[in-house]
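Reader: I am new to this structure and would like to learn how to read it, one feature after another. Could you begin with the general idea each time and then turn to the case at hand?

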Amino acid sequence: MGNSGSAVKVCTDHQGGINWLSLSPDGQRLLTGSEDGTARLWSTADSQCHGHFQGHESYITFCHLENEAAFTCSADHTIRKWDVMTGQCLAIYRGHTSIVNRILVAKDYLFSGSYDRTARCWSVDKEKQIQEFRGHRNCVLTLAHYSSRDVLEEEEEEEEEEEKVSRDLLVTGSTDCTVKVWWVSSGRCYQTLLGHTGAVLCLILDAPNRELFSGSTDYTIRTWNIVTGEQLKVFKEHQGSVICLELVNRHLYSGSADRTVKCWLVDTGERIQTYKAHKHSVSTLKYHAGILFTGSGDACARAFNSKSGVLQKIFRGHKFIINCIQIHNELLYTASHDGTLRIWDIRGICKRNKRRLKKERSAQGRSSQKGSLSRLFNNKVGCMVQQENGEHEAVELM
């Protein structure tokens, strides 16, 4: 097990818990949204606060950062767009009648999900609602977006002319235990995915493989074909609600209220690793360079070797739950309900992991070269020698 880490910087500007942390696409800035009703903009170059966005009348639930604009949603039922350089509020999107839980920006669209049981689509530039998605029986907690061009063959696409104009689809997860897929252009429900028996807390979309992953309070993760709506697999080993998901190289990582993270092979459904040591729910996770970073309700962040499951480092210092983590330039950013943003140096862990990966690749290369030479030799001396040497190789590799 690794040693405890110390934060290289603690940012205490917020007067309330931080609910979300977003990194800009260019990696130059971070945005935090807080219980104090404000958002703050931070530079990843100097870790200083360079913007303070004020205007919401209640706490901020979620935020999203683009390179030139920031978006926040709030319990005041609104969404706001901000100018990153000036801090000016550029737009207020009104229409929801309850807390806005989540927003998602895709192309020229802004999507939102709310406790009012609806999701909505807005024009980013025109401050105007384009579509309302109504059909859930309870609040909408999580969102995903894709285009049918990414997943449908030409002959599979909808015939309705209106929907052929725009092939964008919105996916919504709700506390009514369902996932719904909607045509953005018409607001029509394309699929309702039934199977969960608890609230759907998180979604991960893999459009190229036509797959959607959903995590729920029913302790399961389910995989769906997003074209047919068919349920493909159910991952059942968690003993608590599935709170967060991360998909990397056909490996699915799931964080749970059972105090563990599990790693699954997507193609087979096999659970290949369990990451323990958390003393409370796993609230957030992020994979980076062969390392799995987690944030927990026990106020600690942790770094695990993603392959072996070995705990490499514990980051202590927060007072309450860690709600979100981001990684940039070998710095770990953790945002907590204690109101602080903490920045941790992870260069040491990354260097050790790179050395380990290099050794593994080198060993694999030597084994592969040895196998090739053995096969070449065996081809010359006969099948019996080839069989004996093959058995010897198997013992060596094990």
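Author: Let us begin with strands and their pairing. Helices (H or I, at least four residues) and strands (E, at least two) are DSSP runs, numbered from the N terminus, and two strands pair if DSSP finds at least two bridges between them. This is a predicted model, in which local features need pLDDT of at least 70 and side-chain atom pairs count only at pLDDT 80 or more, while totals for chains, interfaces and linings use all residues. Residues are numbered from 1 along each chain as its sequence is written, and side-chain values use heavy atoms, with hydrogens and water left out.

Reader: With that in hand, how many bridges join strand β12 to β13, and which residue takes a positive phi in their hairpin?

Author: Strand β12 (residues 109-114) runs antiparallel to β13 and is joined to it by 5 bridges, with leucine 110 standing opposite tryptophan 122 in β13. Between the two strands of this hairpin are 3 residues, and arginine 117 takes a positive phi near 80 degrees.

Reader: What is the pairing of β13 with strand β14?

Author: These two strands also pair in the antiparallel sense, over 6 bridges, and strand β14 covers residues 128-134. Alanine 119 of this pair stands opposite phenylalanine 133 in β14. In the hairpin of β13 and β14 there are 4 residues between the strands, and glutamate 127 has a positive phi near 55 degrees.

Reader: Are the residues of strand β13 buried or exposed?

Author: A residue is called buried under 20% relative accessible area, exposed over 50%, and partly exposed in between (1.4 Å probe, protein chains only). By that rule 6 of the 6 residues of strand β13 (residues 118-123) are buried, and the strand is mostly covered. Thr118, Arg120 and Trp122 point one way from β13, whereas Ala119, Cys121 and Ser123 point the other way, and all are buried.

Reader: Why is strand β7 described as largely enclosed?

Author: All 6 of the 6 residues of strand β7 (residues 60-65) are buried, so the strand is largely enclosed by the rest of the structure. β7 pairs with strand β8 (residues 69-74) in the antiparallel sense over 5 bridges, and the two form a hairpin with 3 residues between them. Within this pair, the bridge partner of leucine 65 is alanine 70.

Reader: How should I read a whole sheet, and which strands stand at the edges of the one that contains β19?

Author: Read a sheet from strand to strand: here 4 strands form an open sheet in the order β19-β20-β21-β22, with antiparallel pairing. β19 and β22 (231-235) stand at the edges with a single partner strand each, so one side of each is left without a neighbour in the sheet. The twist averages 20 degrees from one strand to the next, where axes are lines fitted to C-alpha atoms (for helices over the stretch in contact) and angles run from 0 to 180 degrees between N-to-C directions. Within this sheet, β19 and strand β20 (residues 211-216) pair over 6 bridges, and the bridge partner of valine 200 is serine 216 in β20.

Reader: Finally, what lines the largest pocket?

Author: Rolling a probe the size of a water molecule over the atoms shows where empty space is left. A pocket is an open set of points on a 1 Å grid over the protein atoms alone, where a 1.4 Å probe fits, with protein on both sides within 12 Å along at least five of seven lines, and lining residues have an atom within 4 Å of a point. The largest pocket is lined by 41 residues, of which Trp20, Phe62, Arg102, Thr142 and Leu201 lie nearest its centre. Among the strands that each supply at least two residues of this lining are β7 and β19.
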